[in-house]
Amino acid sequence: MIRFLLLLFFITTLYASEVQRDKWPNGQTYLVFLEKNRLPIRPLYYNLDKDDQRLTEEMRTGVHYQILRDANQSIEQVLLPLNDELQIHIFKKEDVYKFEAIPIISTTKEQTFAAEVVSSPNYTILKYTHSKKLAQIFTASFRNSLNFKNDIRNGDNLVMVYKQKYRLGQPFSMPTLEVAMIEMRHKKHYIYLNNDERYYDEKGHEVEGFLLARPVRGARISSYFSKRRFHPVLKKWKAHLGIDYAARRGTPVVAAGSGVIVYAARMGSYGNLVKIRHADGYETRYAHLKSFRRGIRKGKRVKKGQTIAYVGSTGRSTGPHLHFELRKHGRAINPLRVVQVTTKKLKGKEYKKFLTLKKYYDEKIAKALQEKKPFQKIAPFENKCFIHLAKSDINYE
């Protein structure tokens with residue numbers, strides 16, 4: 001039986017318990033978190049198996065976590081989200097702290113937001129929603145097809161329909177944009193999320209955007225792509241067919257584009273290596289990794305921006321960094337080049353299904369414009385929760 005005790009924050013805990021919600025600080029490790037909160041390190045880390053120890057390295061800066069304390073401020077439970085689906089659950093049982101990894105329970109709501117543009121779409125969305133994530137997904141969707149800088153005017157309309165996950169009553173994870181509309185010089189421009197999980201314009205042309213994302217966020221480039229470079233270990237001139245990103249050991253490495261993992265193991269001077277096959281013959285390589293993220297293996301499909309591994313210094317390496325390569329049909333090319341993945345145009349039955357979906361979304365957009373649908377604000381999180389004794393009849397198996 002899986003113990004979903006996290007959900008029972010609001011069902012089975014002691015009266016007058018206090019739930020604290022905090023953000024994971026930049027640079028904080030799981031061990032530091034245990035020490036700061038006076039939690040026992042041996043049973044909650046050193047006695048864990050290697051897979052669970054590796055899980056503790058996946059805590060990300062800015063993620064909201066919860067601590068449940070009793071009336072005496074003693075910690076009863078802790079929830080540490082690792083990603084959209086999994087979280088660490090620390091709980092006390094018979095005065096002994098236990099560790100487990102459990103699924104995240106969340107609900108998903110479809111929401112609509114409409115507004116007149118003030119200054120720019122990015123500024124407008126931030127002004128009304130205070131959500132950087134919503135501003136980011138809207139502007140990123142049109143980035144490669146529209147010029148907001150020159151063609152947007154105050155008073156133009158924008159609408160977005162999106163799905164947002166909620167965990168313990170609060171927004172959680174990145175929203176999923178279903179349809180977006182921006183009006184520019186009295187002309188409406190649309191982007192639709194189709195059933196194949198790709199975005200298309202109103203004519204059924206894919207608007208995928210560019211392949212590459214930076215594989216280590218905020219990292220410094222320590223060595224550029226070059227056909228000749230003096231190798232710091234071999235002490236001789238050698239081609240450097242990739243980009244090196246200097247970063248701290250354990251820093252998350254993300255997939256530069258969506259694709260399928262074709263290799264995830266150790267390989268000679270590369271050390272721990274991940275290869276991802278993308279569309280149009282492209283392949284990306286991520287080398288010298290400390291470790292792979294749990295579940296990363298050959299044959300697994302990953303999305304652009306998804307964490308796949310952690311920066312290390314395995315193989316032929318002088319220090320922790322990511323060696324990142326881009327190849328097309330086996331030939332190394334400069335990852336800093338602008339690379340456009342071929343987009344497709346829907347045809348036949350696929351196009352007819354898209355038109356049905358488009359009609360549904362167009363009606364939502366029209367209704368939102370007519371009603372001038374405002375952003376739905378979420379009530380602020382209350383730190384102090386007065387929890388009544390109760391028993392749940394639900395049996396989670």
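Here is a quick tour of the cores, the salt bridges, a charged patch and some backbone angles. Keep in mind that this is a predicted model.

## The nonpolar cores

Let's start on the inside. The largest nonpolar core has 24 residues, and Tyr286, Ile308 and Leu322 touch the most other members. Strands S14 (243-246), S17 (271-277), S18 (282-292), S20 (307-311) and S21 (321-328) are the elements that each give two or more residues to this core. There's also a second, separate core of 20 residues, with Leu39, Leu80, Ile88 and Tyr97 among them.

## Salt bridges

Searching the whole structure turns up ten salt bridges. One of them joins glutamate 58 to arginine 293, with the closest N and O atoms 2.9 Å apart. Glutamate 58 sits in the loop between helix H3 (50-55) and strand S2 (64-69), while arginine 293 is in the loop between S18 and strand S19 (301-302), so this pair ties together parts that are 235 residues apart in sequence. Are these two residues, glutamate 58 and arginine 293, buried or exposed? Both are buried.

Next up is the pairing of glutamate 206 with arginine 198, where the closest N and O atoms are 2.6 Å apart. Glutamate 206 counts as buried because its relative accessibility is 6%, under the 20% cut-off. Arginine 198, on the other hand, is partly exposed, at a relative accessible area of 35%. Then there's the salt bridge where the side chains of arginine 285 and glutamate 283 meet, at 2.8 Å from N to O. Arginine 285 and glutamate 283 are both buried.

## A positive patch on the surface

Now for the outside. Which residues gather in a patch of positive charge on the surface? They are Lys23, Arg60, Lys132, Lys133 and Arg217. Take lysine 133 from that group: you'll find it in helix H5 (residues 132-142). Lysine 133 is partly exposed, with a relative accessible area of 37%.

## Positive phi angles

Most residues other than glycine have a negative phi. Arginine 38 has a positive one, near 55 degrees. Look for arginine 38 in the loop between helix H1 (30-36) and helix H2 (41-46). Arginine 38 counts as exposed because its relative accessible area is 79%, over the 50% cut-off.

Serine 119 has a positive phi too, near 75 degrees. Its place is in the loop between strand S6 (107-116) and helix H4 (121-129).

Notes:
Residues are numbered from 1 along each chain as its sequence is written. This is a predicted model: local features need pLDDT of at least 70, side-chain atom pairs count only at pLDDT 80 or more; totals for chains, interfaces and linings use all residues. Side-chain values use heavy atoms; hydrogens and water are left out. Patches are made of residues with over 30% relative accessible area and no salt bridge: like charges are joined within 9 Å, nonpolar side chains (Val, Leu, Ile, Met, Phe, Trp, Tyr) within 5 Å. Accessible areas come from the Shrake-Rupley method with a 1.4 Å probe; for residues, only the protein chains shown count as cover. A salt bridge is a side-chain nitrogen of Lys or Arg within 4 Å of a carboxyl oxygen of Asp or Glu. Lys and Arg count as positive and Asp and Glu as negative; His and the chain ends are not counted. The place of a charge is taken as NZ of Lys, CZ of Arg, CG of Asp or CD of Glu. Helices (H or I, at least four residues) and strands (E, at least two) are DSSP runs, numbered from the N terminus. Buried means under 20% relative accessible area, exposed over 50%, partly exposed in between (1.4 Å probe, protein chains only). A nonpolar core is a set of buried Ala, Val, Leu, Ile, Met, Phe, Trp, Tyr and Cys residues joined through side-chain atoms within 4.5 Å.
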